[in-house]
Amino acid sequence: MKSSGQARRVRKHIVASHHDTIPIRGDRRAGRIGLLGGSFNPAHEGHIQIALRALHLLGLDQVWLMVSPGNPLKPSQGMASLATRLASVEPLATDRRLIPTDIEASLGTRYAFDTIRALKRRFPRARFVWLMGTDVFAELPRWYRWQAFLRQVPLAVMPRPGSNAAALHGKIAGRLSHCRLPVGKIRQLPDKTPPVWAFLPGPQNGISATALRRAGHTESLFRTDRAATRQETRS
């Protein structure tokens, strides 16, 4: 008969085993892979909805949920540990194609430009797509070497309440209008040579990690998010 400690270890192994492993040295996988980076402080169902929508609309094989060791554009105050934030992602990523990872910490990268270059070197056959919301898209000029970053990887931009009009009709969209992929061709995005980006229309989720922290991770917020995710999964 197993002790309670042994049983907990077995359960932990079973829960973790449905996720693919991402070797730090890379491999020869040749699939379409979405990259959703962020603080995940904490993770919430809005993140999962974005990942599932990208899987469906772009025909992706996987989405890597990359928990950042530290976002250069966000204050460190109030930021939970990397282990805690990664742990908040894992129970939400119930789809086998969603891969929670702290690979940026292993790579020693904090900037998206450095991360995508390192990943492309280690996974030379993979076709990566960087996923982001319109709120993040509008802030691209604040990113480290953002123009060079755009030449490294296609971008898939998702709607976020309150930021869509400003992002899609603002300065950044205007500057990148020549490389925007029409909605009718968004499934081709992973195969395109950057710079290229596309807007992926769909349901919007206004929940934020900040709201969850302020609410103390209340169950009512999670119930609302889970219902929205079930709807996204069925679509």
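Tyr 111 has a relative accessibility of 35% and therefore counts as partly exposed. The structure discussed here is a predicted model. Tyr 144, with 39% relative accessibility, is likewise classed as partly exposed. Phe 113, in contrast, is buried, since its relative accessibility is 4%, and the limit for that class is under 20%.

**Aromatic pairs**

Searching the whole structure gives eight aromatic pairs. One of them joins Tyr 111 to Tyr 144 in a tilted arrangement. Tyr 111 belongs to the loop between helix H4 (103–107) and helix H5 (112–122), and Tyr 144 to the loop between helix H6 (134–137) and helix H7 (146–150), so this pair ties together parts that are 33 residues apart in sequence. Tyr 144 also forms an edge-to-face pair with Phe 113. Because Phe 113 lies in helix H5 and Tyr 144 in the loop between H6 and H7, that pair ties together parts 31 residues apart in sequence. The geometry of both pairs is tabulated below.

| Pair | Class | Centre to centre | Angle between planes |
|---|---|---|---|
| Tyr 111 and Tyr 144 | tilted | 4.6 Å | 40 degrees |
| Phe 113 and Tyr 144 | edge-to-face | 6.2 Å | 70 degrees |

Elsewhere, one aromatic cluster is made up of Trp 64, Phe 123 and Phe 128.

In soluble globular proteins, nonpolar side chains tend to be buried together. The largest nonpolar core in this model has 36 residues, and the members touching the most others are Trp 64, Phe 128, Trp 130, Phe 137, Phe 149, Leu 155 and Trp 197. Helix H5 supplies the largest share of this core, with five residues. A separate core of 29 residues lies apart from it and includes Ala 54, Leu 55, Leu 131 and Met 158.

Leaving aside residues up to four places away in sequence, Trp 64 has contacts that include Ile 22, Arg 29, Ile 33, Leu 119 and Thr 101. Phe 123 and Phe 128, its partners in the aromatic cluster, are also among the residues that Trp 64 touches.

**Strand S4**

Strand S4 spans residues 127–133, and six of its seven residues are buried, so the strand is largely enclosed by the rest of the structure. Strand S1 (residues 32–38) runs parallel to S4 and is joined to it by four bridges; in this pairing, Arg 32 has Arg 127 of S4 as its bridge partner. Four bridges also connect S4 to strand S5 (residues 155–158), again in parallel. Here Trp 130 stands opposite Leu 155 in S5, and both residues are listed among the core members that touch the most others.

Notes: Residues are numbered from 1 along each chain as its sequence is written. This is a predicted model: local features need pLDDT of at least 70, side-chain atom pairs count only at pLDDT 80 or more; totals for chains, interfaces and linings use all residues. Side-chain values use heavy atoms; hydrogens and water are left out. Buried means under 20% relative accessible area, exposed over 50%, partly exposed in between (1.4 Å probe, protein chains only). Helices (H or I, at least four residues) and strands (E, at least two) are DSSP runs, numbered from the N terminus. Two strands pair if DSSP finds at least two bridges between them. Rings of Phe, Tyr and Trp (its six-membered ring) pair if their centres lie within 6.5 Å; planes under 30 degrees apart count as stacked, over 60 as edge-to-face and the rest as tilted. A nonpolar core is a set of buried Ala, Val, Leu, Ile, Met, Phe, Trp, Tyr and Cys residues joined through side-chain atoms within 4.5 Å. Contact means heavy atoms within 4.5 Å.
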